[in-house]
Amino acid sequence: MLVRVTHWVTTLAFLALLVTGVEIVVSHPRFYWGETGNLHTPALFTIPIPTSRHSFSNGYNYTLPDQNGWSRYLHFQSAWIAVLTGLFYLVFGFLRGHFRRNLLPASSDLSPPKLITTIAAHLRFRKPSEGEAWSYNVVQRLTYLAVIFVLFPLVIWTGLAMSPGFASAFPALQTVWGGQQSARTIHFFVSILLLLFLLVHIFMVWFAGFRTRMRAMITGRGPEGMEGP
Amino acid sequence: MSQLSRRKLIAGGAITAVGASGLVVAAKLAARFGLVPPDSGGVYGPGETFTYAAQRLVNRHALAREFTRSQISAQPFANLVDPPLGEEFRRLEQGAFSSWRLQVDGMVARPASFSLAEIKSFAARTQITHLACEEGWSYIAEWKGVPLSHILDLIAPLPQVRYVVSRSIKPEWWESVDMADALHPQTFVAHGMNGTDLPVPFGGPLRLRVPRQLGYKSVKYITRLTLTDNLKQFGKGLGSAAPEEGYAWYAGI
C-alpha cells in the first residue's frame, strides 16, 4: 500500500518535472562546465532545438512560446511533492523492511556468474517463469536501488545547487561539482538517466503482462495466492 | 488492502486528521513569522510557500558565495532591453546621468531623494558574486555600490516596514524584497561593475544587486524605493511585476 501510493504520487510529480524541465531547458539549451556560462562563452554542448527566447536563436528563424513562468512554479512544486513523498517512502521503507525484503539482492545472487546469467536472460528478453515473475531479480533490484539511492538524491542535490538561495546557505552544494553550471549540466544528464529508467520500466511492465502488472501496481493484487509488492 | 478493516479505517482517518491540522498550524506559524510570499495564492502557492519558508529558515543570514578576481567572467552577458529604453533615459544619458535621482519614500521618518553623485559619495563596498538568469546562463562580476541597508539607515524606516519596493525608469520593471534581503550586507544599490561605472546594458547608472536571488530581482535603472508593510497596494497585489507575468516573486531558486 505504502509502496503503491508513493509510487503513483512520485510518477505524477516526475512527469510534471519532466515536462516543465524540458520547457525550462528550451529557454537556453546550452550547457557549460564550471561556475559560469553564457552566450559569450563556449558551450560544453548545445542541443540543436529551437528556443523560447529571442536572445538565443540557436540557428532557427522562429521562437517558441515562452513557458518558463508556470513551468518553474510547477517544477518546484512537483519537486517538493517528490522530495516529501520520497522521504516518507524512505522512512517507512526502512522501518517496514521494504528495502531489505524486496530490493536488497541476496548475496548469492551477486556472484559474477549469477549476475551474467541474469543480465544475459534480460538481453535475450527471456520471459521469466510465473514463480520468478513476482519477485525482482538481481538486476532489477540493483537498478531500483541505484534509482532510489543514487539518481534521485543526485538530481535533488544538483537541483538545489542551482538555487542561489540554498547555495548561499550550503555552498558545498555547488563547490563539489565545480560550480553552478556544472550542477546544471549534471542535473540534465541525471534527468536523462531517470527518463531512460522510466522507459525501460514501462517496457518491462508491458513485457511482463501489462494488464496484470497494472492491476497489481494499482490495487496490490497479484495472481491468485500471491501478495503483490 | 483487499479487506479494509475497521482498524485500518480509523488509523487512516486519524493520520489524515493529524496531517490536515498539522498543515493548518504550519500555515498559521508561517504567516506569523513572515514565511509566506505575496504570491502564495493559486495552485502553485503551496510550492512557493515551501520554497520561500525553507530558504528563509536556512539562509536568513547566509552570505552568497564570493569569488576571487581571477574568477570574474571575461565576457559577462546581458539580455537586450526590450522594449528599448525610452526618451527620458536617453535624455539623462546625454547628460552623463548627472540628473539621475533615486527617490526613497513610503513608511520612513525622513523621505529623501539622492542624486547619483550623492550615492557615489557614500562609502562604497564591492563584492564579486555570481549572477544567474532564470533562463540558465550566468556570469561572475565585481559589483561596486552602497549597501541598501546604509540608505535605509539614512531615511529611518518605521518599525512596521516589511518590504522594499524598487521601481525602474522602465515602469514595467518593478520588484520588491523582504527585509531579510533588504538589510542583507550583500544587497547593494550598485553603480559600478568590474572597475568602471555600471554600463547601461548591465543596468547603469544604478541597479539593485540581490545576489541571493536570480537576476530578475536585481532591478536595472532604479529610480525609486518605497518602504511598505503591505504589498497589496502595489500593482495587482502579488508583490512585484514578476508574478503578474507568471514568474515567482521569490527568486531564491
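Analyst: Strand E7 (residues 188-193) of chain B is mostly covered, as six of its six residues are buried. The model is predicted, so local features need pLDDT of at least 70 and side-chain atom pairs count only at pLDDT 80 or more, while totals for chains, interfaces and linings use all residues. Residues are numbered from 1 along each chain as its sequence is written, chains are lettered from A and ligands numbered from 1 in the order in which they are written, and side-chain values use heavy atoms, with hydrogens and water left out.

User: What makes a residue of E7(B) buried?

Analyst: Buried means under 20% relative accessible area, with exposed over 50% and partly exposed in between (1.4 Å probe, protein chains only). Six of the six residues of E7(B) are buried.

User: Why is E7(B) called a strand, and why is E4(B) said to pair with E7(B)?

Analyst: A strand is a DSSP run of E with at least two residues, a helix one of H or I with at least four, both numbered from the N terminus. Two strands pair if DSSP finds at least two bridges between them. Five bridges join strand E4 (residues 138-147) of chain B to E7(B), so the two pair, and they run antiparallel. Phe188(B) in E7(B) is the bridge partner of Pro147(B).

User: How do you know that E8(B) pairs with E7(B)?

Analyst: Two bridges join E7(B) to strand E8 (residues 196-197) of chain B, therefore they pair. In E8(B), Asp197(B) is the bridge partner of Gly192(B). The two strands form a hairpin with two residues between them, and Asn194(B) in the turn has a positive phi of about 50 degrees.

**The core**

User: What makes a set of residues a nonpolar core?

Analyst: A nonpolar core is a set of buried Ala, Val, Leu, Ile, Met, Phe, Trp, Tyr and Cys residues joined through side-chain atoms within 4.5 Å. The largest has 34 residues, and Trp100(B), Leu102(B), Val164(B) and Val189(B) have the most contacts inside it. H5(B) gives the largest share of this core, four residues.

User: Which residues does Trp100(B) touch?

Analyst: Contact means heavy atoms within 4.5 Å. Leaving out residues up to four places away in sequence, Trp100(B) touches residues including Phe89(B), Leu92(B), Phe114(B) and Tyr221(B).
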